[in-house]
Amino acid sequence: MKKIILVTFLLPYVAIAQTSGFDEFQARRDKILSMLDTTQAIVLKAINVQPLANEYIQEHNFFYLTGINSASNTLLMSPKGIVVGGKKRTTIIFYSDNSVIKNLKFGPNDTVLKSMEFKPVFNKLLPTIGKLYYSAPDLNLVNDWISDKAYFMEREMKNRMKTLYPNLKLESAEYFVGKLRTIKSSQEIGYVRRASNITADGLISAMKMAKPGIWEYELQAAVEYEYTRQGALLRGFPSIIGSGLNNLVLHYSDNNCQTKNGDLVVMDVGAKYMGYSSDITRTIPISGSFTEAQKEIYSMVLQVQKDAIAMIKPGVKTADIEKFARDAFKKLGYQDYFIHGLSHPVGLDVHDISTEPELKPGMIITIEPGLYFNPNDKNAPEKYKGFGVRIEDTILVTENGFEILTQKVPKEIAEIERLMKKKK
Ligand SMILES: [Mn+2]
């Protein structure tokens, strides 16, 4: 049933996205309104803390429905309407300053109010509804260090709301809005495509620059220089440039070591363009040539990656592709060295939401097998100890199969070695 609904409303949506004057954010809000019944409302809050002034990343559901990328704003929607100034409104954006609403497009039942008006409006609405979807970006774990007691803010909030409004059901908006976010529109696909090309350019220039003795952060700078130069002003996630033993650390991002001859370097990076991430991993020999042992493992990982990608088409379950990859490594005898997931959705979040177990056209996912041989592992083959290999692409599911959005950056052994000989 859910599938039928998705197909019905998403197909026209993708088609209209190209026409001029069409605002995707407004269309998404209309879609959300049509998914709510008259006893329900949704409230989404912008992230109010800015951990790094220049790297503000908005709460993804709020961004998805408003395009607003700043703090102290709230979106409130209810299909039965909220009376403001004598008029019924189904959508209200509470804004912090005029720059926020300058470029917003509105429907006839939308309006904007200053942030300070949120509480009275919201408090009036709450007793009249039965279910509220909410985003909780600021609500995490707080540790009271004096009494040594942990407070889960989300749980505290729910308990308090239960006392105030015993009949109100609270539910996270993540899955609800995620039903729309799972399938990307042509505009969103375009942004991930652009983020992918920019990331690929960054990796290509890092490959050309790589040589023994170069520092990990120099390679990082080469990658991220392309991001900034091409207008991707944020990163989808901290760049991982791991040389030598560092490439065994999955979320390594210190990037402060010097490479040395014989190292493999795992570069797992992704630019964020117009809010959308890409995600690419390439593993290169810092000397410009793989050793025989490195080639053996690299070829295995690459073959599993290509075979897994070849399975991608609508109707296939991602869990089945994952199982295929694990079985393939098992046949090779290396199942214990593939120590992370094979695939995740990509979008506004580099680990985006997906509410569908089966692939559908318009979904974007990664395929990223890897093998890692810890030097302390008694069972690991001696010749492989001390290095890891991961290869990752970002892939669009199409009507008939797939398109690798990150094709531009080489992954064949010969291609990588050839490119690395072409110094700038
Ligand atoms: Mn990834």
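Predicted model: local features only at pLDDT ≥ 70, side-chain atom pairs only at ≥ 80, totals over all residues.

Visitor: Which hand does the crossing of α8 and α9 have?

Guide: The crossing of α8 and α9 is right-handed. By the rule, that puts the near helix clockwise from the far one.

Visitor: What numbers describe how helix α8 and helix α9 pack?

Guide: Two packed helices are described by the angle between their axes and the distance between the axes. Here helix α8 (residues 186-209) and helix α9 (residues 216-229) make an angle of about 145°, and their axes are 7 Å apart.

Visitor: Which residues make the contact?

Guide: From α8 you get Ile198, Asp201, Gly202, Leu203, Ser205, Ala206 and Met209, while α9 brings Leu219, Ala222, Val223, Glu224, Glu226 and Tyr227. Sorted by type, the contact of α8 with α9 has eight nonpolar, two polar and three charged residues.

Visitor: Why is alanine 308 called buried?

Guide: The cut-off for buried is 20 or more other C-beta atoms within 10 Å. Alanine 308 has 20 C-beta neighbours inside 10 Å, so alanine 308 counts as buried. You'll find alanine 308 in helix α10 (residues 292-310).

Visitor: What is alanine 308 in contact with, leaving aside its neighbours within four places in sequence?

Guide: That would be Ile321, Phe324, Ala325, Leu342, Ile367 and Pro369. Take proline 369: it sits 61 residues along the chain from alanine 308, and their C-alpha atoms are separated by 9.1 Å.

Visitor: How do you know whether aspartate 148 is buried or exposed?

Guide: Exposed needs 12 or fewer C-beta neighbours. Aspartate 148 has 7 inside 10 Å, and therefore counts as exposed. Aspartate 148 belongs to the loop between β6 (141-144) and β7 (149-152).

Visitor: What makes the phi of aspartate 148 worth a remark?

Guide: Most residues other than glycine have a negative phi. Aspartate 148 is not a glycine, yet has a positive phi of about 55°. Asparagine 255 also has a positive phi, of about 50°, and is not a glycine either.

Visitor: Where is asparagine 255, and why is it called buried?

Guide: Asparagine 255 lies in the loop between β10 (240-243) and β11 (264-269). The count for asparagine 255 is 20 C-beta neighbours inside 10 Å; the cut-off is 20 or more, so the label is buried.

Visitor: What makes tyrosine 95 buried?

Guide: Run the count again: tyrosine 95 has 24 C-beta neighbours inside 10 Å, and with a cut-off of 20 or more that is why tyrosine 95 counts as buried. Tyrosine 95 is in strand β3 (residues 87-95). Not counting residues up to four places away in sequence, tyrosine 95 touches Asn73, Val100, Ile101, Val112, Lys114 and Ser115.

Visitor: How do you know that threonine 281 is buried?

Guide: Threonine 281 has 24 other C-beta atoms within 10 Å, so against a cut-off of 20 or more threonine 281 is buried. Threonine 281 belongs to strand β14 (residues 280-285). Among the residues threonine 281 touches, not counting those up to four places away in sequence, are Val266, Met267, Glu368 and Arg390.

Visitor: How many residues are in the largest nonpolar core, and which have the most contacts inside it?

Guide: The largest nonpolar core has 94 residues, and Leu203, Val265, Met267 and Leu371 have the most contacts inside it. The largest share of this core, nine residues, comes from α8. Domain 1 (2-181) and domain 2 (186-421) each give this core at least three residues.

Visitor: How many residues of domain 1 are in contact with domain 2?

Guide: 14 residues of domain 1 are in contact with eleven residues of domain 2. On the side of domain 1 that touches domain 2, the largest share, five residues, comes from α7. That side divides into six nonpolar, three polar and five charged residues. As for the C-alpha centres of domain 1 and domain 2, they lie 34 Å apart.

Definitions and conventions
Residues numbered from 1 in each chain as written. Axes fitted to C-alpha atoms, helices over the stretch in contact; angles between N-to-C directions. Helix = DSSP H or I, 4+ residues; strand = E, 2+ residues; numbered from the N terminus. Contact = placed C-beta atoms within 7 Å. Nonpolar A, V, L, I, M, F, W, Y, C, P; charged D, E, K, R; others polar. Core = buried A, V, L, I, M, F, W, Y, C linked by C-beta atoms within 7 Å. Domains from an automatic or database assignment.
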